[in-house]
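Hello,

Here is the model I promised to pass on. Please have it open while you read my notes below.

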Amino acid sequence: MDYATLIQVLDSALRLATPLLLACLAGLFSERGGIFDIGLEGKMLMAGMASGAVAFLTGLVWLGVGAAIGASILFSMIHGLASITFRGNQLISGVALNFLASGMTVLIAQALFRQGGRTPPLTGNARFSPIDLPFAEAMADVPIIGPLYAEVLSGHSTLVYVALLAVPVTWWVLYRTRFGLRLRAVGENPESVDTAGISVVRLRYSALVITGILCGLAGAYMATALQAGFGREMTAGRGYIALAALIFAKWRPWYALGATFLFGFLQALALRPDVIERSFGMAIPVPALDALPYILTVIVLAGFVGKAIPPRAGGQPYVKER
Amino acid sequence: MDKLPAWADIVLVPLISLLLAAVISAIVILAIGQDPWEAVRVMVQGALGSSYGWGYTLYYTTSFIFTGLAVTVAYHASQFNIGGEGQAQIGGLGVALVCLAVPWPHWTLALPAAMVGAALFGAAWAAIPAYLQAKRGSHIVITTIMFNYIASALIVYLLVEVLRPAGQMDPATARFPAGAALPTFKDIPGLNLIFDKKVPANVTFFIAIAACFAVWILLWRTRLGYQIRAYGKSERAAIYAGISPVKVIMIAMLISGGLAGMMAINNVMGEAERLLQNSAEGAGFIGIAVALMGRNHPLGVFLAALLFGFLYQGGAEMGLWTSIPIELRLLLQGLVILFTGALDNMVRMMLVPFFRNRAKEAA
Amino acid sequence: MTGAQDSGARQATAAPTSAPPAIELRGISKAFGSVQANKDISIRVMPGTIHGIIGENGAGKSTLMSILYGFYKADAGEILIDGKPTQIPDSQAAIRAGIGMVFQHFKLVQNFTVLENIILGVEDGPLLRPSLSKARKELKRLAEEYELHVDPDETIEELSVGHQQRVEILKALYRQADILILDEPTGVLTPAEADHLFRILDNLRQQGKTIILITHKLREIMEITDTVSVMRRGEMTATVKTSETSPEQLAELMVGRKVLLHVPKGPANPGETVLEIENLRVVDEDKVERLKGVDLTIRAGEILGIAGVSGNGQSELLEVLGGYARATGTIRINGQEIDLTGKHSDAQSRRHRGIAHVPEDRHHYGLILDFAAWENMVFGYHNEPEYQKNAMIMDNDGIVEKTAAAMEHFDVRPPIPTLPAKSFSGGNQQKIVLAREIERNPDLLLVGQPTRGVDIGAIEFIHKRIVELRDAGKAVLLVSVELDEIMSLSDRIAVMFDGQIMGERLPDETNERELGLLMAGIRDTKGAA
């Protein structure tokens with residue numbers, strides 16, 4: 001692979017890593033707070049549909065983002081109702097919400113636009129346009145670093161930068177604020193929080209609201225930046241891949257950036273069979289490339305790349321002891 | 001939390017859940033500007049109003065029994081198998097390979113061989129996630145989901161590159177030999193008096209019923225079932241009793257995958273008579289709803305599969321004759337899983353005051 | 001109720017005796033469904049004193065304290081703090097009222113530092129940095145004032161249990177608690193750690209803090225408290241000055257009648273050696289050596305009691321013998337070596353060798369609570385030919401019948417085989433486990449904590465059955481943290497400390513003090529016996 005091609009692939013990798021990163025951080029807040037969330041996928045899907053529809057109807061992409069966050073938080077709250085308030089099975093709740101999203105998105109999109117469950121293509125202000133970072137043009141000619149800055153880092157939509165910024169912000173919130181301390185505590189040992197007189201329920205719901213916001217951004221990015229509109233099942237398992245990345249990242253924000261970028265890179269490679277053929281000297285069937293991120297996810301989960309310890313109270317509803 | 005009588009927990013909770021799911025679906029139908037009553041009418045008419053409709057309803061029921069049982073067996077070993085979809089697809093591959101291997105003279109010979117192929121391939125596809133869970137603690141929910149995606153990629157590859165006969169355009173295997181065709185309800189003496197049109201429901205339906213019985217025997221009458229259930233309730237106690245977790249997880253998941261794979265004799269061998277892309281058509285996922293709704297008991301699974309068979313066939317008719325998209329089925333499915341599997345405590349709480357009053361009156 | 005009022009003798013440094021009680025409870029009642037956990041309970045605790053509350057498991061002590069800490073709302077009654085009626089709807093209110101609680105199971109976040117645990121819930125603002133530096137200073141002050149030294153930057157999982165408890169006490173003090181409640185604080189401590197704790201408590205009393213100590217151990221009450229209240233079945237049966245009572249009197253008040261401290265049993269008649277353990281070593285997942293070369297023998301017809309503070313390797317010993325922990329060394333049963341790491345090192349193989357096991361924790365190991373009594377009655381023996389109808393199918397009807405007979409034989413109430421295990425009381429659950437293990441007529445019975453959470457009536461029954469098995473010429477290995485139980489049941493006592501056998505004694509030739517020294521790891525017990 002020559003440098004120019006690598007730059008192209010990296011550029012596309014960053015683009016593809018963005019929704020994974022946002023979803024991964026969404027899962028991080030939820031799981032750090034002790035709630036498993038298999039429903040990232042469904043929330044992204046709902047958000048994608050909401051943003052696609054609202055952006056098309058209003059012509060304003062930011063309204064679409066708002067709608068995406070709203071739809072995603074709504075689903076997050078249903079998950080909270082099931083797993084926090086009614087102490088139900090968090091895995092089943094997440095799975096159910098994913099099915100609900102699959103059905104609901106097509107139903108609504110079809111009712112609104114009658115285009116087979118898609119939203120109409122977005123144009124102009126209804127879509128995010130790329131932003132050039134300062135000095136991108138001036139930097140472009142600097143060898144090695146120049147193209148990296150001008151072509152890989154620069155020229156993406158706002159949400160890509162929001163996602164990148166979310167990494168240090170998440171780290172700061174988690175390790176430097178009162179909320180972060182309590183959130184980590186509630187995911188490790190909710191009793192410690194309860195006996196300190198802090199509401200476990202409120203903390204966990206707050207975590208789920210943040211999860212909702214980040215999934216909303218991830219879905220909105222899918223429909224208004226990565227692609228021009230919502231299509232059925234457009235998330236294609238990204239919610240699950242984000243969960244695998246979260247495990248890979250050992251529930252830590254900076255690691256999450258690395259893990260999701262790796263998955264993004266694989267997805268970018270899968271889009272370029274020509275590059276692979278040139279690099280490896282043989283053709284790899286497209287379905288095998290498509291399956292690559294999923295296979296890597298399994299390998300990650302199998303712990304062949306390091307064992308991770310999840311938050312101790314994860315997945316269990318909190319019941320006050322007698 | 002107050003307790004419900006056992007019968008209410010088994011019977012009322014799923015029924016109320018279903019009612020809630022139906023009400024919400026009706027609201028959604030209203031919201032998209034359609035008439036829920038019309039939807040119900042079309043569904044009942046289309047699924048139950050004729051022997052033709054029943055022929056489809058029971059065809060879907062057959063598939064859902066297999067996938068529902070698959071989830072049930074895994075559930076009793078405390079494993080959540082979401083991979084039924086992929087296992088059913090790979091089971092279909094097994095069926096196709098068996099059916100295409102020899103020019104079968106008669107279906108009575110082809111069927112047992114195909115069943116073995118389906119079960120083996122389905123089990124094999126469940127084996128890796130099971131092994132990773134048992135030995136390395138990899139979360140089986142996520143690995144089985146990943147294996148669904150990997151299964152579809154694999155099937156696409158095989159159909160396009162390997163199994164597609166020369167000269168054929170669409171990605172599918174060749175048609176199975178006539179000797180491998182299963183008798184449908186129209187071909188079965190006695191039943192053909194009711195089913196006079198060609199329907200997809202076939203002899204697999206009876207195998208599915210036998211499977212329900214076999215799973216019941218397995219779980220509640222055999223040593224293996226005892227060990228599966230004991231492990232599912234408490235891993236620590238199982239180790240104390242000398243029950244090997246690795247063995248239980250592996251065996252339960254292999255049986256689970258085998259059952260999911262067996263679904264393929266219904267759709268691939270009994271109906272399509274060749275292997276197509278996405279052959280399972282979501283039946284693997286419906287198994288989750290069926291198992292939860294059926295309270296993870298084979299009898300409950302049978303009844304829930306019947307219900308979902310109705311919803312599936314009715315939903316298809318609805319998609320055909322009304323403007324309500326067929327995806328309403330997914331919505332219903334999600335709601336049923338949500339209410340029976342995750343919000344079940346809420347449903348119970350709704351019922352508790354009723355029983356409390358009754359207890360007071362009795363006292 | 002008179003004892004509490006004039007307990008001022010030892011509180012000269014604290015408030016004058018005319019001061020109102022630090023805590024007063026009036027007529028507290030609390031029911032869970034049909035169970036009356038607390039009935040009309042009143043106590044007065046004077047400032048600057050240590051007040052003990054003693055009672056058996058399930059007497060309602062913890063419920064009472066949970067009410068005081070705002071976890072439960074009392075059905076009736078009122079709470080007065082420093083003479084003022086106070087509402088305590090939640091733990092935040094309890095903290096505001098100056099009440100600190102040290103729970104039996106610590107409420108610490110394992111992967112947080114001491115400092116982070118201290119500030120959790122009482123941070124000074126939305127950012128952590130100022131809170132942390134303030135807490136660091138304050139912690140230093142508290143450490144000097146009360147001799148409570150802990151490294152503020154160590155994570156909890158790196159600390160010993162005793163130090164973790166100190167963090168809990170520091171947490172309460174950091175929240176400016178004047179009243180400290182400790183729930184069974186010594187259950188997880190070694191005798192040395194417990195002594196240290198008592199020194200700390202004494203120190204706190206000197207500084208004017210009020211302490212409520214909940215325990216079921218008479219020794220602790222006698223050692224440290226000023227006054228003591230006795231609870232029995234949800235009621236407060238008496239409050240007396242500690243100096244004016246005796247352990248015998250308290251024991252009687254606790255159980256309501258004379259306790260049978262000695263199980264009626266004849267002399268042992270030991271026969272052939274059944275169990276021989278040589279140089280047994282266990283290393284756990286964290287690479288910590290839990291058993292450090294244990295040697296033991298038990299002969300037919302004798303009960304060997306293992307005394308020790310929990311966590312000194314007794315559990316691991318039972319687990320290895322029961323077949324669910326790996327070990328190195330040699331174990332022989334009836335002269336034949338058993339497989340410790342290979343194919344036959346599982347619990348099934350052990351049962352085949354004639355080892356039966358009543359586990360320490362019956363809820364998590366001994367029973368499947370959702371299974372019916374009859375299903376539990378074959379648990380672990382489910383592969384035995386007598387429970388099978390044919391190669392595949394179990395003989396469920398036959399098992400139900402046999403269970404009914406066994407329940408009759410072991411006086412399990414109610415004697416209904418189809419009832420799930422969870423609906424039996426603790427004592428009856430234990431009888432189910434005991435029935436299952438004893439009915440198999442094993443050569444060696446392992447018994448862990450046979451009477452934990454079991455009512456007095458059932459305790460006698462269970463002890464009798466264990467002695468009967470011994471008299472039938474079987475070997476019994478008894479592990480218990482209750483020294484009384486060990487002393488009264490055993491024919492020989494081995495004391496474990498830090499994964500080793502500190503020594504063996506005969507019950508007639510030793511006493512609690514000597515055993516206590518061995519349990520603390522002190523081998524030289526000359527003069528103690």
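The contact takes in 16 residues of chain A and 18 residues of chain C; residues count as in contact if their C-beta atoms, placed from the backbone, lie within 7 Å. On the side of chain A that touches chain C, α8 (178-188) and α9 (190-195) of chain A each supply at least two residues. α8(A) gives the most, with five residues. By type, that side of chain A has four nonpolar, five polar and seven charged residues. Here Ala, Val, Leu, Ile, Met, Phe, Trp, Tyr, Cys and Pro count as nonpolar, Asp, Glu, Lys and Arg as charged, and the others, Gly among them, as polar.

A word on the source. This is a predicted model: local features need pLDDT of at least 70, side-chain atom pairs count only at pLDDT 80 or more, and totals for chains, interfaces and linings use all residues. Residues are numbered from 1 along each chain as its sequence is written, while chains are lettered from A and ligands numbered from 1 in the order in which they are written.

Now the sheet. Chain C has an open sheet of six strands, in the order β6-β7-β8-β3-β9-β10, with mixed pairing. Helices (H or I, at least four residues) and strands (E, at least two) are DSSP runs, numbered from the N terminus. Two strands pair if DSSP finds at least two bridges between them. The edge strands are β6 (99-102) and β10 (235-241) of chain C, each pairing on one side only. The twist averages 20° from one strand to the next. Axes are lines fitted to C-alpha atoms, for helices over the stretch in contact, and angles run from 0 to 180 degrees between N-to-C directions.

Look at β8(C) next. Six of the six residues of this strand (residues 210-215) are buried, so β8(C) is largely enclosed by the rest of the structure. Buried means 20 or more other C-beta atoms within 10 Å of the residue's own, with C-beta atoms placed from the backbone. C:Thr210, C:Ile212 and C:Ile214 point one way; C:Ile211, C:Leu213 and C:Thr215 point the other.

β8(C) pairs in the parallel sense with β3 (residues 50-54) of chain C, over five bridges. C:His51 has C:Ile212 as its bridge partner, and C:Gly52 stands opposite C:Leu213. With β7 (residues 179-183) of chain C, the pairing is also parallel, over five bridges. There, C:Leu180 stands opposite C:Ile211.

Finally, the helices. α1 (residues 61-68) of chain C lies across β3, β6, β7, β8 and β9 (227-232), at about 150° to β7(C). α5 (residues 161-174) of chain C touches β6 and β7, and its direction makes about 170° with that of β6(C).

Best wishes

How values were computed
Buried ≥ 20, exposed ≤ 12 C-beta atoms within 10 Å, placed from the backbone. Contact = placed C-beta atoms within 7 Å.
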